[in-house]
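For each one, we will ask what stands behind the word.

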Amino acid sequence: MKTSNFPKITTHVLQEMKLKGEKIAMLTAYDYSMAKIIDFAGIDVILVGDSASNVMAGHKTTLPITLNEMIYHASSVMRAVERALVVVDLPFGTYQGNSREALSSAIRIMKESNANAVKMEGGREIKDSIDRILSAGIPVMGHLGLTPQSINKFGTYVVRAREEEEANCLREDAKLLEEAGCFSIVLEKIPSALAKEVTESIKIPTIGIGAGNHVDGQVLVIHDMLGINHDFSPRFLRRYHNLFDEMKGAVEMYIHDVKSLDFPNEREQY
Ligand code: KIV
């Protein structure tokens, strides 16, 4: 079921959805086949997240993934997608240094993958980079709250902005990103009341992950919501399937059929 009547999702459509009170559904994808399925299902936004570093490459953090690897994932997704807006994470180390480098990273993503927008983690500290990328006509999605690229600074993945000082900083950063011209902001793992306040205080849509229900949309990592990743169970995650066990069961049956000479049978050969 398509959740919106819009044939092709653009950043302007997301803005209209916020105005109409229609929630935005976003999921991650990193390859052609998965992107084809979720686009066909009617997802509004596909995020080629740097969580690919964890779920596709098996790293412990999002830090190791490279710009070339993100472009590879994004190009594969773009070959499948017809309707969803595709946003690609700028990976760690490709935009924090200086705004020229940030612009050249964003341009590489847009040119080489054909994606629709980039996402960047942070607020005031990356404002110059955001300004420069926006001035080149590249749409930017912000990302505040728990920003996994800063895990070595935080030291833990617990809920952010519970204290007033950090919450204030986040409120200001959300305004700053809106004023800079970002088209949307991901709010990750912050108290629901703060996410509601931020969502009501800005005109651009907020997309929450672990930020409660009073945001303009939700995002989950596809491997988590399908239960492919079965050893990650944060409170905010709703699992819609247990694909780890289902796929394991199918592979066990295949192994059994091969070893018992049941596969292939007469109808399955030439
Ligand atoms: O990389 C990612 O998957 C993300 C989402 C968790 C928002 O940034």
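Domain bounds come from an automatic or database domain assignment. This is a predicted model: local features need pLDDT of at least 70, side-chain atom pairs count only at pLDDT 80 or more, and totals for chains, interfaces and linings use all residues. Residues are numbered from 1 along each chain as its sequence is written, and side-chain values use heavy atoms, with hydrogens and water left out.

Q: Which domains does the assignment give, and how far apart do their C-alpha centres lie?
A: The assignment gives domain 1 (11-239) and domain 2 (242-270). Their C-alpha centres are 39 Å apart.

Q: What makes cysteine 182 buried or exposed?
A: Buried means under 20% relative accessible area, exposed means over 50%, and partly exposed is in between (1.4 Å probe, protein chains only). Cysteine 182 has 2% relative accessibility, so it counts as buried.

Q: Why is cysteine 169 called partly exposed?
A: Its relative accessible area is 29%, so cysteine 169 falls in the in-between class.

Q: How do you know whether serine 75 is buried or exposed?
A: Serine 75 has 14% relative accessibility, so it counts as buried.

Q: Which residues is serine 75 in contact with, leaving aside neighbours within four places in sequence?
A: Contact means heavy atoms within 4.5 Å, and serine 75 is in contact with Glu112 and Ser113.
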